[in-house]
Amino acid sequence: MTEISKTHFNIQPNLFKMYNLVLPSLGYRLLDACYDLGDNTWDARAESLDFYIYKGVNGVPIRLDIVDNGTGMGVKTLMESYRFAADTDHGPGELGKFGVGGTIACISMATKKKTLTKTIDGELLIASLDISDMKNNDSPENSAYLRQPTENEKEQFTAAVGNHGTIIRIENFDLEKLEYQRAGVWRNALVKNLGAVYRPYLECGKKINVHLVDTINPKKSTTTAVVAKDPLYWDNDDICIYKFEDKFEFNGSEIKIRFSILNNDAIESGNKGY
């Protein structure tokens with residue numbers, strides 16, 4: 001078997017130390033990490049976003065794929081995406097909840113990250129990082145690398161994405177760090193919350209699906225389409241027990257505000273299936 005050559009690149013700071021020391025103190029939740037990774041999809045002007053949660057023995061999550069059909073990344077942007085704070089220009093909100101971007105979101109839940117990406121006129125690019133390799137590496141900042149795709153990877157990418165887009169693959173989960181230690185519970189939480197988090201995109205026609213891939217019994221795999229959801233439950237009188245709405249003018253623009261008080265017991269009762 002022919003060995004594929006790798007081109008290592010610098011990803012200062014030492015993410016291994018961040019994985020063990022910094023991230024636990026941030027209170028970075030699993031769903032927050034998923035939302036941050038999803039934000040990159042809309043920045044890339046994608047029309048669809050798919051979360052694939054792979055379930056192994058005893059329902060344990062063993063892999064997460066986040067797939068979009070956006071513009072994809074070139075070499076420079078791909079390498080920057082593996083650094084703590086990218087040098088590329090970003091608008092407000094484009095680097096996620098904590099302003100640290102996709103790689104921090106990935107290592108908050110697992111140690112392995114792999115990115116497959118392609119622009120409409122470019123070649124398929126692959127970058128990888130294994131946090132555990134950094135522990136005994138004399139130059140841990142150079143642990144990430146680019147490599148050429150195999151023919152099988154090219155076929156799989158085309159089948160999953162098409163001509164352009166990105167796949168982010170996260171593996172080797174640390175179950176002690178996972179908020180949801182069962183793949184099905186994680187899937188249900190995403191389906192429940194993505195509709196509110198990404199409501200503006202869904203109402204503009206974007207598509208979001210959450211797939212539960214059963215690696216033990218593939219016939220039991222499921223796909224759930226996410227629908228837009230009002231986080232204020234404005235039209236649900238059982239949950240929204242008080243509502244207030246007002247509007248005012250500011251700098252020539254009309255500003256509308258909404259305020260709700262929610263019955264948390266009713267929310268929890270309605271979500272027992274999750």
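Analyst: Start with the rule for pairing: two strands pair if DSSP finds at least two bridges between them. The model here is predicted. In it, Tyr54 stands opposite Arg63 in β3.

User: Which strands pair with β2, and in what sense?

Analyst: Strand β2 covers residues 48-55. With strand β8 (residues 207-214), β2 pairs in the parallel sense over eight bridges. With strand β3 (residues 61-68), β2 runs antiparallel, joined by seven bridges. Tyr54 shows both contacts: the bridge partner of Tyr54 in β8 is Val213, and Arg63 stands opposite Tyr54 in β3.

User: What lies between β2 and β3?

Analyst: The two strands form a hairpin, with five residues between them. In the turn, Asn58 has a positive phi of about 60°.

User: Is β2 mostly covered or mostly open?

Analyst: Strand β2 is mostly covered, with six of its eight residues buried.

User: Now the surface. Which residues form the nonpolar patch?

Analyst: A patch residue must have over 30% relative accessible area and no salt bridge. Here the nonpolar patch consists of Ile241, Tyr242, Phe244, Phe248, Phe250, Ile255, Ile257, Phe259 and Ile261, with about 830 Å² of accessible area together. The elements that give two or more residues to this patch are β10 (240-250) and β11 (253-262). Its largest share, five residues, comes from β10.

User: Why does Ile241 count as exposed?

Analyst: Exposed means over 50% relative accessible area. Ile241, found in strand β10, counts as exposed because its relative accessible area is 53%.

Terms used:
Residues are numbered from 1 along each chain as its sequence is written. This is a predicted model: local features need pLDDT of at least 70, side-chain atom pairs count only at pLDDT 80 or more; totals for chains, interfaces and linings use all residues. Side-chain values use heavy atoms; hydrogens and water are left out. Buried means under 20% relative accessible area, exposed over 50%, partly exposed in between (1.4 Å probe, protein chains only). Helices (H or I, at least four residues) and strands (E, at least two) are DSSP runs, numbered from the N terminus. Patches are made of residues with over 30% relative accessible area and no salt bridge: like charges are joined within 9 Å, nonpolar side chains (Val, Leu, Ile, Met, Phe, Trp, Tyr) within 5 Å. Accessible areas come from the Shrake-Rupley method with a 1.4 Å probe; for residues, only the protein chains shown count as cover. A salt bridge is a side-chain nitrogen of Lys or Arg within 4 Å of a carboxyl oxygen of Asp or Glu.
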